[in-house]
Every structure is written in structure tokens, then in C-alpha cells.
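Open the structure in a viewer and keep the sequence panel in view. The stops below are given in the order in which to select them.

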Amino acid sequence: MIIIDQEHALDVPQIETLLDVSFGKGRKSKSSYSIRENVDPIDQLNLVLRSRGKILGTVRFWPAIIRDALGGVNHDTLFLGPLAVDPGIQGSGQGKLLLRAALENVDAKRYSRIMLVGCLKYYGEFGFRSVKPKYISMPGNRDAGRLLVREWGSLPSLPTVGQLMAIEPASSFGHADLPHSRFCPEMAQIS
Ligand SMILES: CC(C)(COP(=O)(O)OP(=O)(O)OC[C@H]1O[C@@H](n2cnc3c(N)ncnc32)[C@H](O)[C@@H]1OP(=O)(O)O)[C@@H](O)C(=O)NCCC(=O)NCCS
């Protein structure tokens with residue numbers, strides 16, 4: 001039986017192996033990794049698919065900042081990823097179950113803005129939309145053409161021109177202030 005469970009510290013080696021298999025060994029050179037660099041994921045939001053001690057899926061959330069390139073206010077956001085399911089069970093609905101549980105958890109904890117780099121075809125049914133026509137770039141000045149956002153509540157709108165950045169490791173992340181291959185080949189390449 002596969003269960004959805006909180007990620008624990010002892011799961012990390014298996015998660016790293018699953019991510020290597022899912023995204024390739026070069027995964028850490030992707031710009032989304034620079035948003036996660038030197039920053040810890042938010043423990044209480046990270047979930048796994050677990051079956052008899054084996055990790056079959058992972059989803060993680062990180063604190064990040066959207067900097068207004070025109071000098072306006074910066075905004076906090078969650079940054080979702082990576083999401084991965086063991087190739088042996090892909091396509092059997094487990095990815096969507098894991099993602100749905102993770103988003104319910106995030107909503108219950110009242111985080112109301114999530115961003116990710118991914119495929120709208122997959123994430124659209126979970127309430128994500130493209131950040132366009134806003135222009136938000138990623139580290140390395142990459143145009144994050146596949147940057148998606150999921151928001152609820154009365155949040156200030158995203159800057160017209162901005163950059164998604166890592167949060168300073170020492171910064172606090174105020175929960176109360178905060179508000180989401182095969183089918184899409186570039187999905188595994190960019191996020
Ligand atoms: C993407 C991934 C997490 C999806 O998990 P999964 O368990 O295989 O997917 P599910 O069985 O829950 O969902 C199947 C549905 O999602 C769609 N889907 C699955 N992977 C997809 C992808 N990469 N892009 C777009 N749609 C995808 C399928 O077409 C199917 O659609 P349907 O419900 O209309 O039939 C998994 O395939 C994976 O780990 N891929 C490699 C890593 C990756 O690309 N991660 C995402 C990075 S953002």
C-alpha cells in the first residue's frame with residue numbers, strides 16, 4: 001500500500017536518488033536549484049509517497065521572493081518543486097494524489113501564493129496559471145517562460161517586471177503574511 005506521509009530527515013538519501021533518476025544527474029544546474037540553494041525546504045509542507053519504507057514520490061516547498069525590478073514592493077512566495085514519482089508507478093495517478101494532498105496542506109496553513117516552473121497542462125487543473133503577461137525572470141536572467149503561479153485571497157498583484165529569487169537564509173518567512181518527460185518533454189528539463 002502506498003501512503004502519503006510527511007517527509008522525514010531519514011528519507012533524504014532516497015529522495016535524492018529518486019530525483020537523480022527522474023531529472024538526471026545534471027539537475028542541480030537548473031535555475032530552479034539556485035532558488036533553493038543554501039535554503040532549507042519548509043519541513044511541514046514536504047510530503048512523500050511511502051510504501052514499506054521505500055520512497056516512491058516527493059514534493060517539496062521552499063520560501064522565495066519575487067523582487068520588483070521597477071523598485072516596488074517585493075513579495076514572498078512559496079516555490080514548489082521538485083515533484084517526482086518513481087518511474088515504476090508513473091501514470092497511475094499517484095503524482096496527482098500527492099500534489100493534491102500537498103496543496104491542501106499548504107492551503108490549510110494559509111500560504112496563498114505558490115510559484116513553480118512546470119507544464120500548464122499538468123498543473124492547470126490544480127489552479128496554477130502562467131505568470132504572463134507579467135515578466136518574471138529566474139536566476140541567471142533566464143526568462144522563466146514556464147513560470148506558473150497559484151494564488152488565493154486578496155494578494156497584491158505580481159510586479160509587472162520582476163525576478164524570482166532565493167530568500168536570504170537568515171530571513172524569516174512570515175506565514176501569516178503569505179497568501180501552486182513524457183507528456184511535456186521540457187517539464188523535466190527546466191524545473
Ligand atoms: C510529472 C510526474 C510527477 C507526474 O506523476 P504521475 O504519477 O506520473 O502522474 P499521474 O498519474 O498522477 O497523472 C497522470 C496525468 O498527468 C499527465 N502527466 C503526467 N506527467 C506529465 C507531464 N510531465 N507533463 C504533463 N502532463 C503529465 C498525464 O497525461 C495524465 O493525464 P490524465 O489524467 O489527463 O490522463 C511524474 O511523471 C514524474 O515524476 N516525472 C518526472 C519528473 C518530472 O517531470 N517532474 C515534474 C517537474 S515540474
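Helices (H or I, at least four residues) and strands (E, at least two) are DSSP runs, numbered from the N terminus. The expected span of a helix is 1.5 Å times one less than its number of residues. This is a predicted model, in which local features need pLDDT of at least 70 and side-chain atom pairs count only at pLDDT 80 or more, while totals for chains, interfaces and linings use all residues. Residues are numbered from 1 along each chain as its sequence is written.

**Whole chain.** The protein has five helices and ten strands. Of its 191 residues, 35% are buried (20 or more other C-beta atoms within 10 Å of the residue's own; exposed is 12 or fewer, partly exposed in between; C-beta atoms are placed from the backbone).

**Select 12-23.** This is helix α1, with twelve residues; at 1.5 Å a residue it should span 16 Å, and its end C-alpha atoms are 16 Å apart, which agrees. Just after α1 comes Gly24, with a positive phi of about 90°.

**Select 54-68 and 75-85.** These are strands β3 and β4. They pair (DSSP finds at least two bridges between the strands) in the antiparallel sense, over nine bridges. Ile65 stands opposite Asp76 in β4. Six residues lie between the strands of this hairpin, where Gly71 takes a positive phi near 90°. Ten of the eleven residues of β4 are buried, so the strand is largely enclosed by the rest of the structure.

Strand β5 pairs with β4 in the parallel sense over two bridges, and Leu78 stands opposite Ile114 in β5. From β4 the chain crosses through helix α3 (residues 94-108) to β5 in a right-handed β-α-β crossover (with the strands pointing away from the viewer, the path from the first strand over the helix to the second runs clockwise).

**Centre on Thr77.** Not counting residues up to four places away in sequence, Thr77 touches Ala64, Ile66, Arg113, Ile114 and Met115 (contact: C-beta atoms, placed from the backbone, within 7 Å). Arg113 is 36 residues from Thr77 in sequence, yet 5.4 Å away C-alpha to C-alpha.

Leaving aside neighbours within four places in sequence, Phe79 is in contact with Ile35, Trp62, Ala64, Met115 and Leu116.

Conventions. Two residues are in contact if their C-beta atoms, placed from the backbone, lie within 7 Å.
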